[in-house]
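Student: I am new to this structure. Please take me through one part of it closely: the pockets and what surrounds them.

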Amino acid sequence: MPTNNDGVMIILSSPSGAGKTTLVNLLSKLENFEVSISHTTRQPRTNEQPDKDYYFVTEEKFKRLINNEEFLEYAKVFNNFYGSTRTPVIDKLNKGKNVLFDIDWQGADQIKNKKLDYKLITFFILPPSKEILFERLSNREMKDKLIVDERMRQFSRDVLHWINYDYVVINDDLKKCYTRILNLIKAEMNNGSKDYDPNYIRKHVEKLTF
Ligand code: ADP
Ligand code: 5GP
């Protein structure tokens, strides 16, 4: 039975390469914050550790988890399946841990629609510009041009989902972006005042989608 001592669910979504994984990893270092480790059928990147960054599984295993209704949410993203299993999340929340999700808009919608009895705060992360996004993707993907092109093409579709999130934050300087998110989380938890300007965000989205 959920209580006031339960943790909070915090979702970070973004177009690929905007920096949500980096931000989730930073936030997870805070006391009482833990990451929901997703399952995925995609191949690990060279710098990724199995069972820490993701549970890397076969499509067969993933489908078994779907059939056993073990997912709180799951989605197909870039031809691979990704999902968050329910039990570890609920266990953490019941122990008072705040749970961070690095998931796409489809997963965020599913969790929102479940209307669980836990507080939910959703963030959408945007890059400062498309040029900078391209640079970040190129660095991360080790110049795998096909992946970079695919993710840049997807950008204009992904960015449209910003409207469904509680807060949209621009990841220009990493430290500043992290602090902005943390202040908003603290304000939400303590019913404090929020330093947030929706008009500025709307203008930034217009620039990105022009
Ligand atoms: P996402 O999870 O949104 O796809 P990542 O967190 O993997 O994005 O970030 C994409 C790349 O950009 C990574 O190489 C990361 O180190 C880098 N990066 C993230 N935030 C910043 C920032 N504020 N300034 C410069 N580089 C960044
Ligand atoms: P990547 O392959 O770059 O790690 O992730 C690709 C996309 O899948 C990102 O938008 C990421 O947030 C999303 N993703 C990662 N894990 C999950 C998950 O468990 N569920 C959903 N719905 N999306 C996820």
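Tutor: Start with the largest pocket, whose volume is about 1,200 Å³. A pocket is found on a 1 Å grid over the protein atoms alone, as an open set of points where a 1.4 Å probe fits, with protein on both sides within 12 Å along at least five of seven lines. Grid points are joined across faces, edges and corners, and a volume is the space filled by probe spheres set on the points.

Two notes on the source. This is a predicted model: local features need pLDDT of at least 70, side-chain atom pairs count only at pLDDT 80 or more, and totals for chains, interfaces and linings use all residues. Residues are numbered from 1 along each chain as its sequence is written, chains are lettered from A and ligands numbered from 1 in the order in which they are written, and side-chain values use heavy atoms, leaving out hydrogens and water.

The lining of the largest pocket has 50 residues; a lining residue has an atom within 4 Å of a point. Nearest the centre of this pocket are K20, T21, R45, Y54 and D102. Helix α1 (20–27) is among the elements that supply at least two lining residues, and so are β5 (71–77) and α4 (105–114). Helices (H or I, at least four residues) and strands (E, at least two) are DSSP runs, numbered from the N terminus. The largest share, 5 residues, comes from α1. By class, the lining has 15 nonpolar, 18 polar and 17 charged residues. Asp, Glu, Lys and Arg count as charged; Ala, Val, Leu, Ile, Met, Phe, Trp, Tyr, Cys and Pro as nonpolar; the others, Gly among them, as polar.

Next, the second largest pocket. Its space is about 310 Å³. It is lined by 16 residues, and R42, Q43, R45, E141 and I147 lie nearest its centre. Helix α6 gives the most to this lining, with 3 residues. The classes here are 5 nonpolar, 4 polar and 7 charged.

Last, ligand 2. Around it are 16 residues, of which S38, R42, Y54, Y82 and D102 come nearest. Such a residue has a heavy atom within 4 Å of the ligand. In the side chain of R42, an N or O atom is 2.5 Å from an oxygen atom of ligand 2. G83 brings a backbone N or O atom to 3.2 Å from a ligand 2 oxygen. For S84, a side-chain N or O atom is 3.4 Å from an oxygen atom of ligand 2.

Technical notes. A polar contact is a pair of N or O atoms within 3.5 Å; within protein, one must be able to donate a hydrogen and the other to accept it, and residues adjacent in sequence count only if both atoms are side-chain atoms.
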